[in-house]
Amino acid sequence: MTDARDDFLATDMLSAYLDGELTDTEHAEVEARLAESPDWRAELDEVRGARTMLRAVAQRDAPEGFWDAVLAGVAAADVDLVADPPDGRGDAAAAGAQVVSLDEKRRGPGRWIATAFAAAAAVALAVIIVPSRDSVRPDVAAVVVQHGAQGSDRGDPIGTITPVGPLAGFRR
Amino acid sequence: MKPGRRALVAVIALGTLALAWPVGAFGTSSPSEQAQQLLQRTRQAAANHEFSGTATVTWRDGTTVRRVQVQVTDADGMVEARVGNDVVYDSGDRTYVKDGSRWTSIAVDPSADGVVPGVGAHWKLSTRTGPQVAGRSTTEVVATRRDGTVAQRVAVDDDTGLLLKREVVARNGTVERSLTFTELDLGATTTKVTAPDGLRAEQSSTITTVPDGYVAPSTLGAAVLVTRAKQPDGVLLWYSDGLFSTSVFEQRGTLDWSGLPAGGTDTDVRGTAMRRWTEPSGTVLVWERDGVVFTCVSDAPTDVIDAAVTALSAPERSTLERVADFVLGPFGWN
């Protein structure tokens, strides 16, 4: 039986597997696990499905100030969690008197505020961050040269390579 | 026999064959077979003959015809194309590019999954007496589309089999780009063609399946997928229809339109927004679909490449995608 950490590693490995980012050894290991384990195959289907769904989501830009507001909210909730609780018992470390149990802290209103902001951040992450992709500036000139190189190896080098010469203006 | 000696014998044999292979010596083969043999001969001739010369490369960029002179030298199995300070060296499996003072080296993995189709598989070929090019008599190979319009004309030197002229022709008969030798000196060259030493090649590795998220259709129009290669920042596919070839480079991400080179024009290819450049070596198209940025380079005529890239441009959105848009759309701000 796998624990949570194993699940995380499996997801991570499968994600890298789908991205083609594993080493040959890792790739072979994953292939072996997939061959023998229905759980891993199910996990692979799940990871692939989630990625497909996320790719289908249109990208949105957060409005100006959105992230500042979220981060400020999370910071405020965090401060509230370690500051004076509403019953006025004061900071335990500073007072050196009454130690407040972690359970009591967790039951305080700060927990709910923090949870609310964490949930908001999670939704924002799901909608905004996860679908966002790296900005790509393709090296067009390099692809043109690659094309010429590939063609010269499999065809006539004069007809294929010579026109690549007048690329000077394009590359700069 | 040592491998080096075997190779030498093979080269001598090929050279002898090329020199002793006048155009009229096709026997009873059909016009299409004669044309295919001539094209095949151009591919061997560059390896069998040393020469230096000047070629004019022209290409049509919108309504403007651009032209540049290229110094071409073929020596010791290396082809050099030089325009001012910019140089391209090619030894078949490795290409070196000097852009100003910067060198780049590209290594081509010779392994391939697919097979380059025969040139006669899609194109109707014929031969006829060609024009005089650089003072030399030629035979012209004409490739036509199924509707009978000319797609490419190639003039092959009758004596050596060298390609002396190539014209890529649009469906309306306009020459989109051409390469024409204006001077040609055969024989051993005094110019030594030497590629730089110690340059690390940008090697890509051949793969049999593309990673998840990328697409690799088995055909692009009449062109078939020949190779797939993994590169550090994406996947490179190479297609061929036997006459023209198309490279497709895919990268995951969002296309930064503002970061593309200048000089391109925005275009719409069957409903997909693309940026197009017309280069001496071919047409370049860049677009984005479903989180993948495509950079496509092809030496085919515009109508051929536009039809081919349809397989890679926007498809009908799936039910899943439409549901995702419906559910998540209200959370958007744009």
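1. In this predicted model, strand 2 (residues 64–75) of chain B is paired with strand 3 of chain B in the antiparallel sense, and five bridges connect them. Two residues lie between strand 2 and strand 3 of chain B, which form a hairpin, and B:D76 in the turn has a positive phi of about 55°.

2. Strand 3 of chain B also runs antiparallel to strand 4 (residues 86–90) of chain B, to which five bridges join it. Here B:V83 has B:D86 of strand 4 of chain B as its bridge partner. These two strands again form a hairpin with two residues between them, and in this turn B:G84 has a positive phi of about 60°. Five of the six residues of strand 3 (residues 78–83) of chain B are buried, so the strand is largely enclosed by the rest of the structure.

3. For chain B as a whole, the count is four helices and 22 strands. Of its 334 residues, 49% count as buried. When contacts in chain B between residues at least 6 apart in sequence are considered, 48% of them join residues at least 24 apart.

4. Because B:F51 belongs to strand 1 (residues 51–61) of chain B and B:F181 to strand 11 of chain B, the pair ties together parts that are 130 residues apart in sequence. B:F51 counts as buried, at 1% relative accessibility, and B:F181 likewise counts as buried at 1%.

5. B:W123 and B:F244 also form an edge-to-face aromatic pair, with 5.4 Å from centre to centre and 85° between the planes. B:W123 lies in the loop between strand 6 (102–107) and strand 7 (124–129) of chain B, while B:F244 lies in the loop between strand 16 (234–240) and strand 17 (245–252) of chain B, so this pair ties together parts that are 121 residues apart in sequence. Both B:W123 and B:F244 are buried.

6. Four cavities of 30 Å³ or more are found in the structure, and the second largest cavity holds about 150 Å³ of space. It is lined by 16 residues, of which A:G159, A:P163, B:R166, B:P280 and B:S281 are the closest to its centre. Two or more lining residues come from each of helix 8 (140–154) and helix 9 (157–161) of chain A, and from each of strand 10 (163–169) and strand 11 (175–186) of chain B. Sorted by class, the lining of the second largest cavity comprises seven nonpolar, six polar and three charged residues.

7. Two further backbone angles may be worth a look. Most residues other than glycine have a negative phi. B:A134, however, has a positive phi near 55°; it is found in the loop between strand 7 and strand 8 (138–144) of chain B and is partly exposed, with a relative accessible area of 26%. B:R270 has a positive phi near 50° and is placed in the loop between strand 19 (265–269) and strand 20 (272–279) of chain B. With a relative accessible area of 54%, B:R270 is exposed, because exposed means over 50%.

Note on methods
Residues numbered from 1 in each chain as written. Chains lettered and ligands numbered in written order. Predicted model: local features only at pLDDT ≥ 70, side-chain atom pairs only at ≥ 80, totals over all residues. Heavy atoms only, no water. Buried < 20%, exposed > 50% of the residue type's maximum accessible area, 1.4 Å probe, protein only. Pairing = 2+ DSSP bridges. 1 Å grid on protein atoms, 1.4 Å probe; cavity = no way out; pocket = protein on both sides within 12 Å on 5 of 7 lines; lining within 4 Å. Points joined across faces, edges and corners; volume = space filled by probe spheres on them. Nonpolar A, V, L, I, M, F, W, Y, C, P; charged D, E, K, R; others polar. Phe/Tyr/Trp six-rings, centres within 6.5 Å; stacked < 30°, edge-to-face > 60°. Contact = heavy atoms within 4.5 Å.
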